[in-house]
Amino acid sequence: MGEVYVITSGKGGVGKTTTTANVGTYLSVLGKRVLLIDADIGLRNLDVVMGLENRIVFDIVDVVEGRCKPKQALIKDKRFDGLYLLPAAQSKDKTAVSPEQMKALCEQLKEDFDYILIDCPAGIEQGFKNAIAGAQKAIVVTTPEVSAVRDADRIIGLLEAYELHNPKLIINRIRFDMVKRGDMMDIDDILEILSIELLGIIPDDEKIIISTNKGEPVVMDEKSRAGQEYRNIARRILGENIPILSEEENLGFLGKLKRFLGLNNS
Amino acid sequence: MFEFFNKFFNKQSSKDIAKERLKLVIIHDRANVSPELLELIKNEILKAIQKYIVIDDKLLEIQITRTPSEQKGEFVPALIANIPIKSVKKTEILNNEADD
(Lines give C-alpha, C1' and ligand atoms only; values in the text may rest on other atoms or scores of the structure.)
Protein backbone atom coordinates (compact mmCIF):
# COMPACT_ATOMS: atom_id res chain seq x y z
CA MET A 1 0.00 0.00 0.00
CA GLY A 2 1.45 3.32 -1.06
CA GLU A 3 1.57 6.72 0.54
CA VAL A 4 -0.28 9.62 -1.05
CA TYR A 5 1.39 13.03 -0.91
CA VAL A 6 -0.14 16.29 -2.10
CA ILE A 7 2.27 19.03 -3.18
CA THR A 8 0.63 22.38 -2.65
CA SER A 9 1.13 26.13 -2.21
CA GLY A 10 -1.02 29.20 -1.84
CA LYS A 11 0.64 31.32 -4.46
CA GLY A 12 1.07 30.13 -8.02
CA GLY A 13 4.40 29.85 -9.77
CA VAL A 14 6.47 28.81 -6.75
CA GLY A 15 7.48 25.44 -8.21
CA LYS A 16 4.88 22.83 -7.27
CA THR A 17 4.95 21.11 -10.65
CA THR A 18 8.76 21.11 -10.87
CA THR A 19 8.92 19.70 -7.34
CA THR A 20 6.40 16.97 -8.12
CA ALA A 21 8.22 15.99 -11.31
CA ASN A 22 11.69 15.91 -9.79
CA VAL A 23 10.97 14.32 -6.42
CA GLY A 24 8.77 11.71 -8.14
CA THR A 25 11.38 10.94 -10.79
CA TYR A 26 14.10 10.39 -8.21
CA LEU A 27 11.91 8.22 -6.02
CA SER A 28 11.53 5.97 -9.06
CA VAL A 29 15.29 6.06 -9.66
CA LEU A 30 15.65 4.85 -6.07
CA GLY A 31 13.59 1.82 -7.02
CA LYS A 32 10.09 2.84 -5.92
CA ARG A 33 6.92 2.51 -7.94
CA VAL A 34 5.73 6.10 -8.34
CA LEU A 35 2.59 7.71 -9.76
CA LEU A 36 2.38 11.44 -10.44
CA ILE A 37 -1.16 12.79 -10.59
CA ASP A 38 -1.75 16.19 -12.18
CA ALA A 39 -4.74 17.56 -10.26
CA ASP A 40 -4.54 21.00 -11.87
CA ILE A 41 -7.51 20.26 -14.07
CA GLY A 42 -8.08 22.81 -16.82
CA LEU A 43 -4.47 24.02 -16.72
CA ARG A 44 -2.40 20.88 -16.93
CA ASN A 45 1.37 21.22 -17.02
CA LEU A 46 2.99 18.26 -15.32
CA ASP A 47 2.94 16.44 -18.66
CA VAL A 48 5.09 19.08 -20.42
CA VAL A 49 7.48 19.41 -17.48
CA MET A 50 7.94 15.63 -17.63
CA GLY A 51 8.21 15.64 -21.42
CA LEU A 52 5.28 13.24 -21.76
CA GLU A 53 2.79 15.55 -23.46
CA ASN A 54 2.82 13.62 -26.75
CA ARG A 55 1.66 10.41 -25.19
CA ILE A 56 -1.61 11.44 -23.57
CA VAL A 57 -4.64 9.48 -24.72
CA PHE A 58 -6.90 9.55 -21.66
CA ASP A 59 -6.85 11.84 -18.64
CA ILE A 60 -8.10 11.92 -15.05
CA VAL A 61 -11.55 13.17 -16.07
CA ASP A 62 -11.93 10.27 -18.53
CA VAL A 63 -11.17 7.96 -15.62
CA VAL A 64 -13.68 9.42 -13.15
CA GLU A 65 -16.35 9.68 -15.83
CA GLY A 66 -15.84 6.03 -16.69
CA ARG A 67 -14.64 6.43 -20.29
CA CYS A 68 -11.59 4.29 -19.53
CA LYS A 69 -10.07 2.21 -16.77
CA PRO A 70 -7.56 3.98 -14.47
CA LYS A 71 -4.71 1.87 -15.83
CA GLN A 72 -5.50 2.84 -19.43
CA ALA A 73 -4.96 6.50 -18.56
CA LEU A 74 -1.59 6.00 -16.90
CA ILE A 75 1.41 7.00 -19.02
CA LYS A 76 4.52 4.98 -18.35
CA ASP A 77 7.73 6.99 -18.43
CA LYS A 78 10.05 4.97 -20.68
CA ARG A 79 13.19 6.56 -19.22
CA PHE A 80 12.49 5.56 -15.61
CA ASP A 81 11.33 2.20 -14.40
CA GLY A 82 8.22 2.32 -12.27
CA LEU A 83 7.35 5.97 -13.00
CA TYR A 84 3.85 6.78 -14.23
CA LEU A 85 1.82 9.93 -14.91
CA LEU A 86 -1.93 10.46 -14.69
CA PRO A 87 -2.50 13.68 -16.62
CA ALA A 88 -5.11 16.35 -15.94
CA ALA A 89 -7.76 17.25 -18.49
CA GLN A 90 -7.06 20.44 -20.38
CA SER A 91 -10.61 21.12 -21.50
CA LYS A 92 -12.58 20.64 -18.29
CA ASP A 93 -12.76 22.92 -15.25
CA LYS A 94 -11.42 22.39 -11.76
CA THR A 95 -14.70 20.95 -10.50
CA ALA A 96 -14.71 18.06 -13.01
CA VAL A 97 -13.44 15.71 -10.29
CA SER A 98 -15.14 15.71 -6.89
CA PRO A 99 -13.32 15.14 -3.59
CA GLU A 100 -15.09 11.79 -3.24
CA GLN A 101 -13.99 10.68 -6.71
CA MET A 102 -10.42 11.76 -5.99
CA LYS A 103 -10.41 9.86 -2.73
CA ALA A 104 -11.74 6.69 -4.35
CA LEU A 105 -9.23 6.96 -7.19
CA CYS A 106 -6.28 7.34 -4.80
CA GLU A 107 -7.51 4.43 -2.69
CA GLN A 108 -7.65 2.25 -5.77
CA LEU A 109 -4.30 3.32 -7.24
CA LYS A 110 -2.24 3.21 -4.09
CA GLU A 111 -2.45 -0.56 -4.12
CA ASP A 112 -0.15 -0.56 -7.15
CA PHE A 113 2.30 2.17 -6.13
CA ASP A 114 4.71 2.95 -3.32
CA TYR A 115 4.29 6.70 -3.71
CA ILE A 116 1.57 8.80 -5.29
CA LEU A 117 2.42 12.50 -5.65
CA ILE A 118 -0.47 14.84 -6.42
CA ASP A 119 0.36 18.16 -8.09
CA CYS A 120 -2.20 20.55 -6.59
CA PRO A 121 -3.54 23.67 -8.33
CA ALA A 122 -2.59 27.02 -6.75
CA GLY A 123 -5.11 28.76 -4.55
CA ILE A 124 -7.70 27.74 -2.01
CA GLU A 125 -10.72 27.07 -4.14
CA GLN A 126 -12.49 23.86 -5.10
CA GLY A 127 -9.49 22.58 -7.06
CA PHE A 128 -7.45 22.62 -3.87
CA LYS A 129 -10.10 20.72 -1.93
CA ASN A 130 -10.34 18.11 -4.67
CA ALA A 131 -6.58 17.67 -4.92
CA ILE A 132 -6.03 17.15 -1.18
CA ALA A 133 -9.02 14.85 -0.68
CA GLY A 134 -7.12 11.62 -1.30
CA ALA A 135 -3.83 12.61 0.36
CA GLN A 136 -2.42 11.43 3.66
CA LYS A 137 0.56 13.76 3.73
CA ALA A 138 1.18 17.28 2.47
CA ILE A 139 4.22 19.15 1.21
CA VAL A 140 3.94 22.94 1.06
CA VAL A 141 6.15 24.79 -1.43
CA THR A 142 7.05 28.45 -0.99
CA THR A 143 9.65 30.93 -2.18
CA PRO A 144 11.32 33.48 0.14
CA GLU A 145 8.97 36.31 -0.88
CA VAL A 146 6.39 37.97 1.38
CA SER A 147 3.47 37.08 -0.90
CA ALA A 148 4.42 33.40 -1.18
CA VAL A 149 5.11 32.99 2.55
CA ARG A 150 1.86 34.68 3.50
CA ASP A 151 -0.11 32.40 1.22
CA ALA A 152 1.82 29.38 2.48
CA ASP A 153 0.68 30.29 6.00
CA ARG A 154 -2.92 30.32 4.81
CA ILE A 155 -2.51 26.93 3.13
CA ILE A 156 -0.96 25.42 6.27
CA GLY A 157 -4.02 26.59 8.22
CA LEU A 158 -6.36 25.08 5.63
CA LEU A 159 -4.49 21.75 5.55
CA GLU A 160 -4.89 21.59 9.30
CA ALA A 161 -8.61 22.32 8.94
CA TYR A 162 -8.91 19.43 6.48
CA GLU A 163 -7.02 17.20 8.91
CA LEU A 164 -3.83 16.90 6.94
CA HIS A 165 -1.56 17.36 9.92
CA ASN A 166 2.17 18.14 10.07
CA PRO A 167 2.76 19.33 6.51
CA LYS A 168 6.41 19.63 5.48
CA LEU A 169 7.95 22.72 3.87
CA ILE A 170 10.12 23.14 0.79
CA ILE A 171 11.63 26.59 0.30
CA ASN A 172 12.30 27.06 -3.38
CA ARG A 173 14.46 29.55 -5.27
CA ILE A 174 16.73 30.62 -2.45
CA ARG A 175 19.41 33.02 -3.63
CA PHE A 176 22.32 32.83 -1.26
CA ASP A 177 23.93 35.99 -2.62
CA MET A 178 20.79 37.95 -1.70
CA VAL A 179 20.51 36.21 1.68
CA LYS A 180 24.10 37.24 2.40
CA ARG A 181 23.31 40.85 1.53
CA GLY A 182 20.31 40.81 3.84
CA ASP A 183 17.93 41.29 0.93
CA MET A 184 16.23 37.90 1.08
CA MET A 185 14.68 36.14 4.03
CA ASP A 186 16.75 33.16 5.05
CA ILE A 187 15.55 29.70 6.07
CA ASP A 188 15.34 30.53 9.77
CA ASP A 189 13.26 33.65 9.09
CA ILE A 190 10.69 31.65 7.13
CA LEU A 191 10.61 28.76 9.59
CA GLU A 192 10.12 31.21 12.44
CA ILE A 193 7.07 32.65 10.71
CA LEU A 194 5.50 29.41 9.47
CA SER A 195 6.73 27.12 12.26
CA ILE A 196 6.52 23.85 10.34
CA GLU A 197 9.10 21.20 9.65
CA LEU A 198 11.53 21.79 6.80
CA LEU A 199 11.84 19.10 4.14
CA GLY A 200 14.37 20.89 1.95
CA ILE A 201 15.59 24.07 0.33
CA ILE A 202 16.14 24.46 -3.39
CA PRO A 203 18.66 27.03 -4.57
CA ASP A 204 17.65 29.20 -7.49
CA ASP A 205 19.21 27.46 -10.46
CA GLU A 206 18.90 28.35 -14.13
CA LYS A 207 19.36 24.67 -14.96
CA ILE A 208 15.73 24.17 -13.89
CA ILE A 209 14.58 26.26 -16.84
CA ILE A 210 16.94 24.47 -19.22
CA SER A 211 15.71 21.07 -18.05
CA THR A 212 12.07 22.09 -18.22
CA ASN A 213 12.64 23.40 -21.75
CA LYS A 214 13.82 19.94 -22.74
CA GLY A 215 11.23 18.03 -20.73
CA GLU A 216 13.92 16.33 -18.68
CA PRO A 217 13.81 16.42 -14.89
CA VAL A 218 16.72 18.46 -13.45
CA VAL A 219 17.18 15.79 -10.81
CA MET A 220 19.11 13.75 -13.40
CA ASP A 221 21.63 16.57 -13.87
CA GLU A 222 24.56 15.59 -11.66
CA LYS A 223 26.04 19.08 -11.69
CA SER A 224 22.88 20.98 -10.80
CA ARG A 225 22.65 22.10 -7.17
CA ALA A 226 18.87 22.23 -7.40
CA GLY A 227 18.98 18.69 -8.76
CA GLN A 228 21.16 17.63 -5.84
CA GLU A 229 18.65 19.03 -3.36
CA TYR A 230 15.73 17.32 -5.10
CA ARG A 231 17.65 14.06 -4.80
CA ASN A 232 18.14 14.77 -1.09
CA ILE A 233 14.43 15.50 -0.62
CA ALA A 234 13.50 12.19 -2.24
CA ARG A 235 15.89 10.40 0.11
CA ARG A 236 14.46 12.24 3.13
CA ILE A 237 10.98 11.08 2.10
CA LEU A 238 12.33 7.53 2.21
CA GLY A 239 13.44 8.20 5.77
CA GLU A 240 17.15 8.80 5.21
CA ASN A 241 18.72 11.35 7.52
CA ILE A 242 20.37 13.83 5.17
CA PRO A 243 21.33 17.24 6.53
CA ILE A 244 19.75 20.24 4.81
CA LEU A 245 22.14 22.08 2.53
CA SER A 246 23.61 24.95 4.48
CA GLU A 247 24.53 28.42 3.40
CA GLU A 248 27.97 27.81 4.89
CA GLU A 249 29.53 26.44 1.73
CA ASN A 250 28.30 29.45 -0.15
CA LEU A 251 29.86 32.01 2.15
CA GLY A 252 33.25 32.09 0.44
CA PHE A 253 36.50 32.93 2.14
CA LEU A 254 35.51 36.33 3.53
CA GLY A 255 32.25 35.01 4.93
CA LYS A 256 33.96 32.11 6.63
CA LEU A 257 36.56 34.45 8.11
CA LYS A 258 33.82 36.75 9.40
CA ARG A 259 31.97 33.83 10.93
CA PHE A 260 35.22 32.65 12.50
CA LEU A 261 35.78 36.09 14.00
CA GLY A 262 32.20 36.22 15.22
CA LEU A 263 31.23 39.20 13.09
CA ASN A 264 28.54 37.31 11.26
CA ASN A 265 26.08 36.53 13.99
CA SER A 266 23.11 38.52 12.74
CA MET B 1 30.49 43.44 4.50
CA PHE B 2 27.14 44.94 3.58
CA GLU B 3 25.53 43.80 6.77
CA PHE B 4 28.44 45.22 8.73
CA PHE B 5 27.91 48.65 7.19
CA ASN B 6 24.17 48.34 7.56
CA LYS B 7 24.64 47.67 11.24
CA PHE B 8 27.09 50.52 11.52
CA PHE B 9 24.63 52.99 10.03
CA ASN B 10 21.75 51.27 11.80
CA LYS B 11 19.94 50.66 8.51
CA GLN B 12 17.33 47.91 8.39
CA SER B 13 17.90 45.38 5.64
CA SER B 14 15.04 44.60 3.27
CA LYS B 15 14.73 41.07 4.64
CA ASP B 16 14.13 42.43 8.14
CA ILE B 17 11.42 44.72 6.80
CA ALA B 18 9.90 41.77 4.93
CA LYS B 19 9.91 39.66 8.08
CA GLU B 20 8.29 42.34 10.23
CA ARG B 21 5.59 43.03 7.64
CA LEU B 22 4.92 39.33 7.21
CA LYS B 23 4.56 38.72 10.93
CA LEU B 24 1.98 41.47 11.23
CA VAL B 25 -0.01 40.50 8.15
CA ILE B 26 -0.07 36.83 9.18
CA ILE B 27 -1.37 37.70 12.64
CA HIS B 28 -4.26 39.51 10.99
CA ASP B 29 -4.80 36.61 8.57
CA ARG B 30 -4.81 34.01 11.33
CA ALA B 31 -7.09 36.00 13.61
CA ASN B 32 -9.29 36.73 10.61
CA VAL B 33 -9.82 40.32 11.76
CA SER B 34 -10.62 42.75 8.98
CA PRO B 35 -10.09 46.51 9.23
CA GLU B 36 -13.90 46.86 9.19
CA LEU B 37 -14.23 44.59 12.22
CA LEU B 38 -11.52 46.55 14.03
CA GLU B 39 -13.45 49.76 13.30
CA LEU B 40 -16.63 48.22 14.75
CA ILE B 41 -14.80 47.13 17.89
CA LYS B 42 -13.27 50.59 18.19
CA ASN B 43 -16.69 52.27 18.05
CA GLU B 44 -18.14 49.92 20.67
CA ILE B 45 -15.23 50.56 23.02
CA LEU B 46 -15.63 54.31 22.48
CA LYS B 47 -19.29 54.14 23.41
CA ALA B 48 -18.62 52.17 26.56
CA ILE B 49 -15.74 54.31 27.76
CA GLN B 50 -17.32 57.68 27.00
CA LYS B 51 -19.94 57.00 29.63
CA TYR B 52 -17.30 57.49 32.28
CA ILE B 53 -14.31 59.23 30.77
CA VAL B 54 -13.77 62.04 28.30
CA ILE B 55 -11.30 60.83 25.75
CA ASP B 56 -9.62 62.17 22.68
CA ASP B 57 -11.36 59.98 20.14
CA LYS B 58 -9.21 61.23 17.28
CA LEU B 59 -6.13 59.76 18.90
CA LEU B 60 -7.75 56.46 19.85
CA GLU B 61 -5.75 53.63 18.40
CA ILE B 62 -6.74 50.01 18.31
CA GLN B 63 -4.69 47.30 16.68
CA ILE B 64 -3.69 43.68 16.76
CA THR B 65 -0.08 42.99 17.64
CA ARG B 66 2.07 40.20 18.97
CA THR B 67 2.88 39.76 22.62
CA PRO B 68 5.18 37.16 24.07
CA SER B 69 3.23 34.41 25.79
CA GLU B 70 4.16 32.54 28.95
CA GLN B 71 6.00 29.94 26.92
CA LYS B 72 9.41 31.14 25.91
CA GLY B 73 9.73 32.32 22.34
CA GLU B 74 6.03 31.95 21.57
CA PHE B 75 4.10 34.93 20.32
CA VAL B 76 0.34 35.26 20.55
CA PRO B 77 -1.93 37.85 18.96
CA ALA B 78 -3.15 40.59 21.30
CA LEU B 79 -5.71 43.33 20.92
CA ILE B 80 -4.09 46.59 22.00
CA ALA B 81 -6.08 49.75 22.59
CA ASN B 82 -4.36 53.06 23.15
CA ILE B 83 -6.87 55.47 24.66
CA PRO B 84 -5.75 59.01 25.48
CA ILE B 85 -7.81 60.32 28.42
CA LYS B 86 -8.75 64.02 28.50
CA SER B 87 -10.53 63.94 31.84
CA VAL B 88 -12.52 61.68 34.05
CA LYS B 89 -16.17 62.64 34.38
CA LYS B 90 -17.09 64.06 37.79
CA THR B 91 -18.17 61.46 40.27
CA GLU B 92 -21.39 63.27 41.26
CA ILE B 93 -22.60 63.02 37.68
CA LEU B 94 -21.87 59.34 37.76
CA ASN B 95 -23.70 59.02 41.09
CA ASN B 96 -26.68 60.96 39.75
CA GLU B 97 -26.78 58.71 36.71
CA ALA B 98 -26.65 55.70 38.96
CA ASP B 99 -29.56 57.08 41.01
CA ASP B 100 -31.75 57.59 37.94
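This is a predicted model: local features need pLDDT of at least 70, side-chain atom pairs count only at pLDDT 80 or more; totals for chains, interfaces and linings use all residues.
View 1. Chain B holds four helices and four strands. Starting at the N terminus, the order of its elements is α-α-α-β-β-β-β-α. Of its 100 residues, 20% count as buried. Chain B exposes about 7800 Å², and 57% of that area comes from carbon and sulfur atoms. Take the contacts in chain B with a separation of 6 or more: 49% of them join residues 24 or more positions apart.

**View 2. Helix α7 of chain A meets helix α2 of chain B.** Here we look at α7(A), residues 146-161, and α2(B), residues 14-31, whose axes come within 10 Å and cross at roughly 30 degrees. The angle is under 35 degrees, so α7(A) counts as roughly parallel to α2(B). The crossing of this pair is right-handed. On the chain A side, the contact is made by A:Val146, A:Val149, A:Arg150 and A:Asp153. Facing them in α2(B) are B:Ala18, B:Leu22, B:Val25, B:Ile26, B:Asp29 and B:Arg30. By class, the residues of the α7(A) contact with α2(B) are six nonpolar and four charged, with no polar ones.

**View 3. Helix α9 of chain A also meets α2(B).** The axes of α9(A), residues 187-194, and α2(B) come within 10 Å, with a crossing angle of roughly 15 degrees. That angle makes α9(A) roughly parallel to α2(B). Once again we have a right-handed crossing, this time of α9(A) and α2(B). From α9(A), the residues to look for are A:Asp189, A:Glu192, A:Ile193 and A:Leu194. They meet B:Lys15, B:Lys19, B:Leu22, B:Lys23, B:Ile26 and B:Arg30 in α2(B). The residues of this contact of α9(A) with α2(B) comprise four nonpolar and six charged, and no polar ones.

**View 4. A:Lys94 sits in a loop of chain A.** This lysine belongs to the loop between β4 (83-86) and α5 (99-109) of chain A. With a relative accessible area of 29%, A:Lys94 is partly exposed. Leaving aside residues up to four places away in sequence, A:Lys94 touches A:Asp40, A:Ile41, A:Pro121, A:Ala122, A:Gly127 and A:Asn130.

View 5. A:Glu163 lies in the loop between α7 and β7 (168-174). Although not a glycine, A:Glu163 has a positive phi of about 60 degrees. Its relative accessibility is 63%, and A:Glu163 therefore counts as exposed. A:Asn166 is found in the loop between α7 and β7 as well. A:Asn166 is likewise not a glycine, and its phi is positive at about 50 degrees. This asparagine is exposed, with a relative accessible area of 65%.

Notes. Residues are numbered from 1 along each chain as its sequence is written. Chains are lettered from A and ligands numbered from 1 in the order in which they are written. Side-chain values use heavy atoms; hydrogens and water are left out. Helices (H or I, at least four residues) and strands (E, at least two) are DSSP runs, numbered from the N terminus. Buried means under 20% relative accessible area, exposed over 50%, partly exposed in between (1.4 Å probe, protein chains only). Contact means heavy atoms within 4.5 Å. Accessible areas come from the Shrake-Rupley method with a 1.4 Å probe; for residues, only the protein chains shown count as cover. Axes are lines fitted to C-alpha atoms, for helices over the stretch in contact, and angles run from 0 to 180 degrees between N-to-C directions. Angles under 35 degrees count as roughly parallel, over 145 as roughly antiparallel, 65 to 115 as roughly perpendicular and the rest as oblique. A crossing is left-handed if the near helix is turned anticlockwise from the far one by less than a right angle, and right-handed if clockwise. Ala, Val, Leu, Ile, Met, Phe, Trp, Tyr, Cys and Pro count as nonpolar, Asp, Glu, Lys and Arg as charged, and the others, Gly among them, as polar.
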